[in-house]
Amino acid sequence: MENKPLARMLYANVEIGEEIPPELYQTVAEILAAVYRLKNKL
């Protein structure tokens with residue numbers, strides 16, 4: 001799963017160990033849901 005704009009936003013604005021900004025919750029949740037769906041298919 002790839003989302004370059006999200007990756008750039010996180011890299012530029014969030015340090016390791018910090019919380020994800022609330023405005024990115026929805027996008028990150030969608031990616032996590034897709035990853036979990038893929039994982040459960042295997």
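## A chat about a 42-residue chain

Biologist: Hi! What share of the 42 residues in the chain is buried?
Modeller: Buried residues come to 14% of the 42 in the chain. Buried means under 20% relative accessible area, exposed means over 50%, and partly exposed lies in between, with a 1.4 Å probe and protein chains only.

Biologist: Thanks. What kind of model is this?
Modeller: This is a predicted model, where local features need pLDDT of at least 70, side-chain atom pairs count only at pLDDT 80 or more, and totals for chains, interfaces and linings use all residues. Residues are numbered from 1 along each chain as its sequence is written, and side-chain values use heavy atoms, leaving out hydrogens and water.

Biologist: Good to know. How many helices and strands does the chain have?
Modeller: There are 2 helices and 0 strands. Both terms refer to DSSP runs numbered from the N terminus: H or I with at least four residues for helices, E with at least two for strands. Helix α1 covers 4-13, and α2 covers residues 25-41.

Biologist: And what does the C-alpha trace span?
Modeller: Along its principal axes, about 35 × 20 × 20 Å.

Biologist: How much accessible surface does the chain have?
Modeller: About 4,000 Å², and 58% of that belongs to carbon and sulfur atoms. Such areas come from the Shrake-Rupley method with a 1.4 Å probe; for residues, only the protein chains shown count as cover.

Biologist: Let's switch to charges. How many salt bridges does a search of the whole structure find?
Modeller: The search finds 1 salt bridge. The term means a side-chain nitrogen of Lys or Arg within 4 Å of a carboxyl oxygen of Asp or Glu.

Biologist: Which residue pairs with Glu 2?
Modeller: Glu 2 forms a salt bridge with Lys 4, with the closest N and O atoms 3.9 Å apart. Side chains of opposite charge can pair when their charged atoms come close.

Biologist: How far apart are the mean positions of the positive and negative charges?
Modeller: They are 16 Å apart, for 5 positive and 6 negative charges. Lys and Arg count as positive and Asp and Glu as negative, without His and the chain ends. Each charge is placed at NZ of Lys, CZ of Arg, CG of Asp or CD of Glu.

Biologist: New topic: where is Asn 3?
Modeller: Asn 3 sits in the segment before α1 and is partly exposed, at 28% relative accessible area.

Biologist: What does Asn 3 touch?
Modeller: Not counting residues up to four places away in sequence, Asn 3 touches Thr 27 and Ile 31; contact means heavy atoms within 4.5 Å. The side chain of Asn 3 also reaches the backbone nitrogen of Leu 6 at 2.9 Å.

Biologist: Is Arg 8 buried or exposed?
Modeller: Arg 8, found in helix α1, counts as exposed because its relative accessible area is 58%. Between Arg 8 and Tyr 36 there are 22 Å, C-alpha to C-alpha, and the two are 28 residues apart in sequence.

Biologist: Last one: how far is Leu 32 from Met 1 in space?
Modeller: Their C-alpha atoms are 9.4 Å apart, with the two residues 31 apart in sequence. Leu 32 belongs to helix α2 and is partly exposed, at 42% relative accessibility.

Technical notes. Polar contact = N/O pair within 3.5 Å; in protein donor to acceptor, adjacent residues only side chain to side chain.
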